[in-house]
Amino acid sequence: MSMYQLLGLVLIPLIGSIFALTARDDKNYATSNVYNVSILTLLANVGLILYIFSQCNLHDNNLQLVEHFKWIDYPEVDISLGVDVFSLLIILSVNLSFLIGELCLSRHTERSKTLITSELLFIGLVNGYFIAADVLSFYIFFVASGMPLMILISTYGSQRKKTVLIRFSIYNLIGALLLLVAIVMMCDSEENNILLNEAGKLNFKGGTEYFVWLSIFFAFISRLPIWPFHYWISSINSSLKNPLVFLVGNLIPLIGLYGFIRFWPNTVPQSIAVHAPIFEIICIITMLFIALVSLSHKDIRYKLFAYTTVYYLLYLTSVFLPTDVLKLNIGYSLFSYIIIVTVLSFLISHIEYQKKKLGIYGTGGILCYMPRTSKCLSLFILAGVGLPVTSLFWNNFIIISEIFNYNLVLGIMVMLSIFVVALALLEELYKLKDKSSASAACVLGGDLPNLHFFVYLSCLVILFLSFFKPLWFVF
Amino acid sequence: MIWEHIRYALPEASLIIGILHLFFMYLLSYDSAKIYARIARFWLLVSLFWAVAWQEKSFSPLYFTNDAYTLLFNLCIGFLAYIMIGLASTWFSTENKTGCKYYILILSSLIGINLLLSSSNLVALLFCYILLTYTHYRLLGISYEKLPSEAASRYMGVSAMVVIIFAAGFGYLNSYEDGNVEFTALRELFLNAPQSLPLYLSAVAIIIPFLYSLGLAPFHIIAEDKTGKGILPVSHYFALIAPLAFWGCFIKLNVELFKPLSAELSPVYQGFALLSVIFGAMGANARINLHRILSYSSMYHFGIVLILLSFFKSETNFAAFVYLFVYIISLNGSYLVFYSLKSHGEYLSSVTSLSGLAETRAYTTGALLVSLFSFIGLPPLVGFLGQLNAVSELLKREYYISLGIILFFLLILSKAYLDIIKTAYFEHKIKIYDSENKSVMMYTLFSVICIVLIAFNPQDLFAIMKDMFDVVNL
């Protein structure tokens with residue numbers, strides 16, 4: 001039993017968000033106060049995560065440091081929190097990526113208080129989701145994490161997307177309600193809340209079993225850009241210009257993916273597991289579809305979105321494989337992947353900002369005048385598409401081998417999607433570096449500031465070390 | 001002996017003194033709304049103090065019985081009324097009115113509510129119902145030349161018919177029992193007497209006025225007018241306090257009087273409940289006035305309360321109470337936001353008036369968002385507790401179709417809430433809002449804290465409430 005360390009992961013950002021919310025409404029000081037609060041909060045959280053890591057047994061795959069709390073008596077519900085190496089890795093990468101975001105975010109963003117408060121609220125709730133050890137707290141954090149998301153998308157999203165946002169919210173709400181019904185059915189069968197790893201042991205018969213599990217999976221799918229519902233999430237995500245909000249949007253699929261990872265391997269009953277090929281086919285169709293669309297799309301942000309989606313679906317496909325040995329590989333790979341996507345998102349925002357500032361029509365060749373940005377973008381795009389410098393390379397190699405082992409056609413389709421999406425990103429990189437299409441004669445002073453450059457280089461060092469030893473930061 | 005009776009009447013007597021005090025101040029021509037509000041609040045607190053002190057005593061045990069259950073509802077209502085009266089003073093100040101009539105009517109209504117909740121005899125119940133109906137009619141009549149008073153006339157017309165139905169039910173039971181119309185005697189009658197249609201109809205005649213007062217379908221003829229056409233403080237009263245009082249009495253009636261008829265009444269309740277759920281969700285989407293949207297939203301949520309009551313079990317009754325409690329807390333949050341929606345001294349109530357609210361009023365919009373999310377039942381807000389209880393009880397009883405209908409129409413209702421959010425966040429600003437009143441902001445903040453924090457550690461609060469609530473189940 002740990003002493004409220006896990007609860008701290010939820011409470012520290014929530015307290016930070018209250019501080020940010022109550023910051024003085026003074027144009028000169030409030031913005032900087034709010035940013036400082038968020039950076040300190042995230043630093044404290046990262047420190048706590050590293051401390052929790054040091055207390056964990058890295059060879060134990062079960063939930064550790066479990067904390068129990070009594071919640072309500074009528075009906076009787078107890079809440080449990082717990083972590084394993086996989087969930088801690090995800091939490092660390094998410095918190096680190098927001099820290100990177102805070103350090104590299106422009107301080108002239110509109111409505112900073114709303115942005116930072118919602119962001120910290122989101123981090124607290126998403127941390128709660130990753131450490132939830134029972135089905136009810138899992139549900140609570142799953143749904144709750146959608147609220148700050150809604151505020152952020154509503155505040156920073158495109159006005160043209162308002163109808164899409166409503167459809168997306170209702171679609172998510174359907175998932176949430178189905179999950180609620182499934183989870184209450186699970187809890188009612190045991191007359192109390194049940195732990196996540198015990199969910200598969202429940203004895204449901206026939207139709208009820210199908211209803212419960214399909215409801216759970218639908219809820220997770222509602223957070224993933226899966227065909228034929230991929231349009232809403234892609235439309236919203238690609239319209240988000242603020243990199244921090246884009247980062248939040250980019251973590252929506254992670255929530256769905258994490259749900260599948262928690263419920264599918266070992267937990268799901270055999271009668272449901274036999275239907276895994278259906279999910280695999282849907283994943284592959286979506287991967288291919290989005291990868292091909294990204295090739296024809298001109299917006300680099302959409303290409304980044306396509307890249308993230310294809311990789312999320314790669315991880316999801318590996319979750320459906322009839323093996324549970326890939327969980328840690330997915331964790332290691334996700335750790336690098338989330339950081340890479342964060343940095344790419346901020347670099348793209350920097351380029352877009354400079355383009356807007358200088359009044360340039362196109363971004364072709366712009367990197368020729370921004371050497372630091374050019375180096376960072378090239379390195380991170382190459383790392384993202386498989387340059388052997390991060391843990392993404394090794395672990396994706398293992399994951400894809402397992403997919404090939406399982407089914408050759410599936411493996412080929414996955415490879416094809418990854419290839420196409422990599423091509424789309426590299427093509428964009430080429431355009432940005434191509435001096436012949438440069439529309440800006442001279443972009444002076446538009447390069448990355450020292451702090452940002454240093455942060456991105458530090459990220460590269462972190463990723464490089466993870467290539468040799470994924471858990472190098474644990475002592 | 002007489003002194004004892006007088007002593008136990010102090011909760012009601014305090015309110016009567018409050019009314020006299022207000023009237024006296026009016027005669028002295030005081031013209032500050034805040035003074036009248038302070039007086040009304042003071043006597044309300046005195047009344048609550050005596051209600052706690054004499055919680056199990058009644059000035060007339062033959063007609064009225066007080067216990068922990070009545071105290072629970074009295075405290076909830078008193079707490080809400082205290083906030084409402086405070087906010088009403090800001091409304092009346094803005095309109096340059098004293099609001100004396102309003103405060104007198106609110107205190108009169110609270111007397112009626114106190115008595116209604118503690119009624120243990122059908123005569124007393126009928127009397128209190130008529131008293132409340134009349135005060136409600138007068139409340140609806142407060143128009144200050146801005147709103148038509150046809151709503152009040154229409155209300156009186158329909159209410160008169162409902163009272164006649166109530167009186168007919170009472171008359172039949174009275175003649176059947178030779179004047180002994182205490183709840184315990186009537187319960188014995190329903191339990192032991194051979195089943196007959198007139199007896200059943202007389203029970204229905206007592207139930208209908210409550211369904212009507214709660215605005216449940218298909219008796220919702222006037223429900224929309226009550227919250228949609230009155231001035232804001234009146235609308236606030238009809239949205240929160242009146243339903244809470246009627247639910248308190250209705251739950252008590254179900255447990256103490258109609259339980260022997262549960263087999264016959266259960267399907268009727270379920271039919272009305274599902275109808276309310278459907279009408280509520282559809283109606284909310286068809287309205288553009290915020291008060292009316294919330295009126296239909298209440299119909300939906302009250303439908304769920306009714307379906308939980310239809311099981312006539314102590315645990316579902318408590319689940320219904322929890323649902324009602326959390327809904328009222330969330331609804332209070334929305335109404336507090338309405339007091340902030342003011343442009344050029346005029347209070348706004350249409351959805352379009354929220355356009356671009358988030359641009360200038362981030363906190364107010366946030367508070368509105370929190371209460372709307374709580375209506376949907378999103379965790380970790382207090383509304384989730386009610387939803388969890390309701391879903392759990394319906395699943396335990398294998399009411400899958402009813403649950404499916406409730407959840408489906410929740411999605412439709414959510415569309416109405418999302419439209420409000422969309423307007424506040426996405427639309428361009430079209431109004432210049434007046435500066436916010438500090439007391440309104442404080443109440444709004446307090447309400448948001450309640451909506452958020454109760455869900456975090458509800459067990460102590462709910463344990464106390466369950467102990468108080470279960471008195472009626474014993």
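**Two chains in a predicted model**

In chain B, 79% of the contacts between residues at least 6 apart in sequence join residues at least 24 apart.

The secondary structure of chain B consists of 20 helices and two strands. Its radius of gyration is 22 Å, close to the 23 Å that the globule rule gives for 474 residues, so chain B is as compact as a globular protein of that length. Along the principal axes, the C-alpha trace of chain B spans about 65 × 60 × 45 Å. Of the 474 residues in this chain, 57% are buried.

The discussion now turns to chain A and to the confidence of the prediction. Chain A has a mean pLDDT of 84, and 92% of its residues reach 70 or more. Among the elements of this chain, the highest mean pLDDT, 91, belongs to helix α3 (residues 85–104) of chain A, whereas the lowest, 72, belongs to helix α9 (residues 230–238) of chain A.

Chain A also contains a pair of strands that the reader may wish to locate. Strand β1 (residues 64–72) of chain A and strand β2(A) run antiparallel and are joined by six bridges. Within this pairing, A:Gln64 stands opposite A:Val83 in β2(A). Strand β2 (residues 77–83) of chain A is mostly covered, since six of its seven residues are buried.

Where the chains meet, 27 residues of chain A are in contact with 28 residues of chain B. On the side of chain A that touches chain B, the elements giving two or more residues are β1, α5 (135–144), α6 (146–156) and α7 (162–190) of chain A. The most is given by α7(A), with 12 residues. By class, this side of chain A has 18 nonpolar, five polar and four charged residues.

What does B:Ala40 touch, not counting residues up to four places away in sequence? Its contacts are B:Gly18, B:Leu22, B:Ile85, B:Tyr103, B:Ile106 and B:Leu107.

Technical notes. Residues numbered from 1 in each chain as written. Chains lettered and ligands numbered in written order. Predicted model: local features only at pLDDT ≥ 70, side-chain atom pairs only at ≥ 80, totals over all residues. Helix = DSSP H or I, 4+ residues; strand = E, 2+ residues; numbered from the N terminus. Rg over C-alpha atoms; globule rule 2.2 N^0.38 Å. Buried ≥ 20, exposed ≤ 12 C-beta atoms within 10 Å, placed from the backbone. Contact = placed C-beta atoms within 7 Å. pLDDT = per-residue confidence, 0-100. Pairing = 2+ DSSP bridges. Nonpolar A, V, L, I, M, F, W, Y, C, P; charged D, E, K, R; others polar.
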